Amino acid sequence: MKAVIIGASGFLGATLSQHLLACGWEVFGYDRIAPELKPPWLAFEQFDVLRDEIQLPPQATAVYYLAQSERYREFPQAADDLFGVNTYGAIRAAQAACAAGVRFFCYTSTGNVYAPSFDPMSEDHPVRRDDPYALSKLAAEEALALFSAKMTVVCTRLFGLFGPEQKRMLPAVLLSRIRSGQAILLEPAPNETPDPDGLRISLTYVADAAWCLERLARLALAGTALPRLLNVAGPEAISIRRFSIEIGTVVGIEPKFTRAATPRTHDLVADVRRLEALLEPRWTPFSQAVAASFPGAR
């Protein structure tokens, strides 16, 4: 079996590449930049998804589109890159996949497409179109649905990825603040006690996410009907306080906290009943995942 990963040099792309290889796939990676640590058995090509012609390897069976714009906070200045990479690039990749006879196409969307809520959000929860990043993902999801007559298309809405070698996003921010002795701001829920736990997130260990993505391809190739939209998230909601304490335990530093002056307006918790019924995932225990994510961080 041959898998193509567009965005192979990214955080999830690197983990998925290694997992697919370990599962016996032949893996072809594409990205704007070369991976820092490329396995010698990974076929890699450096290319720009917006400008270069997408030539998939012969007899490719699965394509994962993981590429996303790094300039999602720069709207409207970088609107062309945001919608170019997140939306148009995905359409170009799906077009190439159809032409090559690919049977499974996976687009990695985000849980941030959902309208703010404190309740767990299922795949039919209302979405938001007032945020450029969310809209770029939704636009891709809707466009890719038009390709479903030619191949199985699944848009996975990922929540709170974390894991080893993560240099940005929430885990890196928390680690930096813990090490520097800065207090971590906890936003209370409305009417929460004076000692809040902060935002609750369905954190997802990156190796578990890779396992789910590989399993989806196997089911598709076996002829299993798959949902067009699928939340991919860990099985429990983790507060910022708990996540910080777990990181602090690993690095040997007790984190400091401070209460925000205003309450938060939402959590980011996934309803994963559809995922668990379909795949029966094997989740890594949270404490074990955190310990593996910060090796040698003391």
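Analyst: A nonpolar core is a set of buried Ala, Val, Leu, Ile, Met, Phe, Trp, Tyr and Cys residues joined through side-chain atoms within 4.5 Å. Buried means under 20% relative accessible area, exposed over 50% and partly exposed in between, with a 1.4 Å probe and protein chains only. This is a predicted model, in which local features need pLDDT of at least 70 and side-chain atom pairs count only at pLDDT 80 or more, while totals for chains, interfaces and linings use all residues. Residues are numbered from 1 along each chain as its sequence is written, and side-chain values use heavy atoms, with hydrogens and water left out.

User: Which residues have the most contacts inside the largest nonpolar core?

Analyst: In soluble globular proteins, nonpolar side chains tend to be buried together. Here the largest nonpolar core holds 63 residues, and Tyr64, Phe104 and Phe243 have the most contacts inside it. Helix α5 (residues 206–221) contributes the most to this core, with eleven residues; helices (H or I, at least four residues) and strands (E, at least two) are DSSP runs numbered from the N terminus. A second, separate core has 29 residues, including Val63, Ala96, Tyr107 and Leu144.

User: What does Phe104 touch, leaving out residues up to four places away in sequence?

Analyst: Contact means heavy atoms within 4.5 Å. On that basis Phe104 touches Thr61, Ala62, Val63, Tyr64, Thr152, Val154, Leu216, Ala217, Ala220 and Leu226. For the protein chain, 77% of contacts between residues at least 6 apart in sequence join residues at least 24 apart. Of its 298 residues, 53% count as buried.

User: How should I read a pair of aromatic rings?

Analyst: A pair of aromatic rings is described by the distance of the centres and the angle of the planes. Rings of Phe, Tyr and Trp (its six-membered ring) pair if their centres lie within 6.5 Å; planes under 30 degrees apart count as stacked, over 60 as edge-to-face and the rest as tilted. By this rule there are nine aromatic pairs. The pair of Phe243 and Phe286 is tilted, because the ring centres are 5.8 Å apart and the planes are at 55°. Phe243 is in helix α6 (residues 240–251) and Phe286 in helix α8, so the pair ties together parts that are 43 residues apart in sequence.

User: Are Phe243 and Phe286 buried or exposed?

Analyst: Phe243 is buried, at a relative accessible area of 1%, and Phe286 is buried at 10%.

User: Where is Met169 found, and what is its phi?

Analyst: Met169 is found in helix α4 and has a positive phi of about 70°, although it is not a glycine. With a relative accessible area of 45%, Met169 is partly exposed.
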